[in-house]
Amino acid sequence: MGSPIWAFADSSGHAPGMDLVGFKVEASDGAIGKIDKHSEDVDRSYVVVDTGPWIFGRRVMIPAGLITRVELQEEAVHLSCTRQQVKDSPDFGSGQTDDDVAAIRMIETHYSHPHM
């Protein structure tokens, strides 16, 4: 892995140790849900978003590199991708773990090459 897509950008406002669980998540064109889990692993930082009623019962993994801004007071995270990109992303089901290499590669490919 180790792709830049898996690292928080310095300009995002994220600081190591921040607890993002429960923060609202905004795609570039609207809300998509709330953060259910996040990781700050060196080579694979990400958030898992519960899409709630928008895409009922679906959880998606969003690589940290897509986070453009963290707003602490509003408890919101803003993404560079669209709602449709999130909707079309591979599912990150409750039984999956971040050790599932095939799932991680599919997610990386989806967000790195949105035209595919």
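In this text, a patch is made of residues with over 30% relative accessible area and no salt bridge, with like charges joined within 9 Å. Keep that in mind while looking at this predicted model, where Glu-40, Asp-41, Asp-43 and Asp-99 gather on the surface as a patch of negative charge. One of these residues, Asp-43, lies in the loop between β2 and β3, the latter strand covering residues 45-50.

From that loop, let us turn to the sheet. Strands of a sheet pair through backbone hydrogen bonds, in either a parallel or an antiparallel way. Here, six strands form an open sheet with mixed pairing, and their order reads β4-β3-β2-β1-β6-β5. The edges belong to β4 (59-63) and β5 (67-71); each has a single partner strand, so one side of each is left without a neighbour in the sheet. On average, and ignoring direction, neighbouring strands of this sheet are turned by 35° against each other.

Strand β1, residues 24-27, runs antiparallel to strand β2, residues 30-40, and four bridges join the two.

The structure holds three salt bridges. Among them is the one between Asp-36 and Arg-59, with the closest N and O atoms 3.3 Å apart. This pair links distant parts of the chain, since Asp-36 sits in strand β2 and Arg-59 in strand β4, 23 residues apart.

Methods: Residues are numbered from 1 along each chain as its sequence is written. This is a predicted model: local features need pLDDT of at least 70, side-chain atom pairs count only at pLDDT 80 or more; totals for chains, interfaces and linings use all residues. Side-chain values use heavy atoms; hydrogens and water are left out. Two strands pair if DSSP finds at least two bridges between them. Axes are lines fitted to C-alpha atoms, for helices over the stretch in contact, and angles run from 0 to 180 degrees between N-to-C directions. Patches are made of residues with over 30% relative accessible area and no salt bridge: like charges are joined within 9 Å, nonpolar side chains (Val, Leu, Ile, Met, Phe, Trp, Tyr) within 5 Å. Accessible areas come from the Shrake-Rupley method with a 1.4 Å probe; for residues, only the protein chains shown count as cover. A salt bridge is a side-chain nitrogen of Lys or Arg within 4 Å of a carboxyl oxygen of Asp or Glu. Lys and Arg count as positive and Asp and Glu as negative; His and the chain ends are not counted. The place of a charge is taken as NZ of Lys, CZ of Arg, CG of Asp or CD of Glu.
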